[in-house]
Amino acid sequence: MYSLRGQENIPREVLRLKAIYPGSFDPITYGHIDIFERASKIFDHVTILLMNNPRKRPLFSIDERLEMIKESTKEFKNVDVKVHTGLLVQYVKSSSIKIVIRGLRALEDFEYEFEMALTNRQMCPELEVVYLMTDLKYLFVSSSMVKEIAQFGGELSKWAPPFVEKELQRKFRR
Ligand code: ADP
C-alpha cells in the first residue's frame, strides 16, 4: 500500500504518482534536463512548473523560456510544462499533486532549499519535497553560468541544448 497523507487507502497501482518540478529555467540547461529525466523515471508524471523567482531578474520572457522547455521535453511522454505566477504553495494547494522535485548541486543549494522547504511547509504542510542529485558533469552548471559564458561568446554545447545556445546568442547579439 502506498502512503501519502490523505491518500493512504488508495492502492499504489491505482494512484498515479505525480510530481511538480518548479523553477525559473532562465534558460533551461542540461542540469535541469538531467533532473527532470531522472524524475520522469521515478514518477508516472512530472509537471515542470515555470515560475518567476523574485530573487532573480530574468533574461528571457516567460514565453521564450516556455518554448525552450517545450523543445527540451518533447521526447518525454510523461513530462509536461505549465506556467504559474505566484507562490509555489498556492499552486500546490490548488492542485492534487503534493510532491515537489528540486535538484541539488553544491552546498549552497542545500542551504537555500532547506530554507525554502521549511518555509513552504509552514504554509502548506502536505507539500513534500524530493531532492535529486545532479550528475557529476552538471555539478557546476547553472542558468547564470550559461548566460555569462554566452555573453562573452563562449562555447555552450556541453551545458545547454543547441536551441538554447542559439537563443542566447540571439539575445546577446542585440
Ligand atoms: P529557481 O530560480 O527556482 O532556483 P532554477 O531554474 O534556477 O530555479 O532551478 C530549478 C531547480 O533546478 C532547482 O532545484 C535547482 O537546484 C535545480 N538545478 C538547476 N541547475 C541544476 C544542475 N546543474 N543540477 C541539478 N539541479 C539543478
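# Ligand shell, cavity and loop in a predicted model

Trainee: Which residues are closest to the ligand?

Mentor: The closest are Y21, S24, K56, G103 and V141, out of 19 residues that surround the ligand. Keep in mind that this is a predicted model.

Trainee: How does that shell split by class?

Mentor: The shell around the ligand has seven nonpolar residues, seven polar ones and five charged ones.

Trainee: How much of the ligand does the protein bury?

Mentor: The protein buries 94% of the 560 Å² that the ligand exposes when taken alone.

Trainee: Changing topic. How many cavities of 30 Å³ or more does the structure hold?

Mentor: One. The volume of the largest cavity is about 40 Å³.

Trainee: What lines it?

Mentor: The largest cavity is lined by S24, D26, N52, N53, K56, P58 and R65. By class, that lining has three charged, three polar and one nonpolar. S24 and K56 were also named among the closest residues to the ligand, and N53 has the side-chain atom at 2.8 Å from a ligand oxygen.

Trainee: D26 is in that lining. What kind of peptide bond joins D26 and P27?

Mentor: A cis one, with omega about 0°. P27 sits in the loop between strand 1 and helix 1. F25 is in the loop between strand 1 and helix 1 too, and F25 has a positive phi of about 45° although it is not a glycine.

Trainee: What do most residues and peptide bonds do?

Mentor: Most residues other than glycine have a negative phi, and most peptide bonds are trans.

Trainee: Last topic, aromatics. How many aromatic pairs are in the whole structure?

Mentor: Four. One of them is F36 with F76, an edge-to-face pair at 5.1 Å centre to centre with 80° between the planes.

Trainee: Where do F36 and F76 sit in the chain?

Mentor: F36 is in helix 1, while F76 is in the loop between helix 2 (62-73) and strand 3 (79-83). The two are 40 residues apart, and the pair links distant parts of the chain.

Terms used:
Residues are numbered from 1 along each chain as its sequence is written. This is a predicted model: local features need pLDDT of at least 70, side-chain atom pairs count only at pLDDT 80 or more; totals for chains, interfaces and linings use all residues. Side-chain values use heavy atoms; hydrogens and water are left out. On a 1 Å grid over the protein atoms alone, a cavity is a set of points where a 1.4 Å probe fits but cannot get out, and a pocket is an open set with protein on both sides within 12 Å along at least five of seven lines; lining residues have an atom within 4 Å of a point. Grid points are joined across faces, edges and corners, and a volume is the space filled by probe spheres set on the points. Ala, Val, Leu, Ile, Met, Phe, Trp, Tyr, Cys and Pro count as nonpolar, Asp, Glu, Lys and Arg as charged, and the others, Gly among them, as polar. A residue is near a molecule or strand if one of its heavy atoms lies within 4 Å of it. A polar contact is a pair of N or O atoms within 3.5 Å; within protein, one must be able to donate a hydrogen and the other to accept it, and residues adjacent in sequence count only if both atoms are side-chain atoms. Accessible areas come from the Shrake-Rupley method with a 1.4 Å probe; for residues, only the protein chains shown count as cover. Rings of Phe, Tyr and Trp (its six-membered ring) pair if their centres lie within 6.5 Å; planes under 30 degrees apart count as stacked, over 60 as edge-to-face and the rest as tilted. Helices (H or I, at least four residues) and strands (E, at least two) are DSSP runs, numbered from the N terminus.
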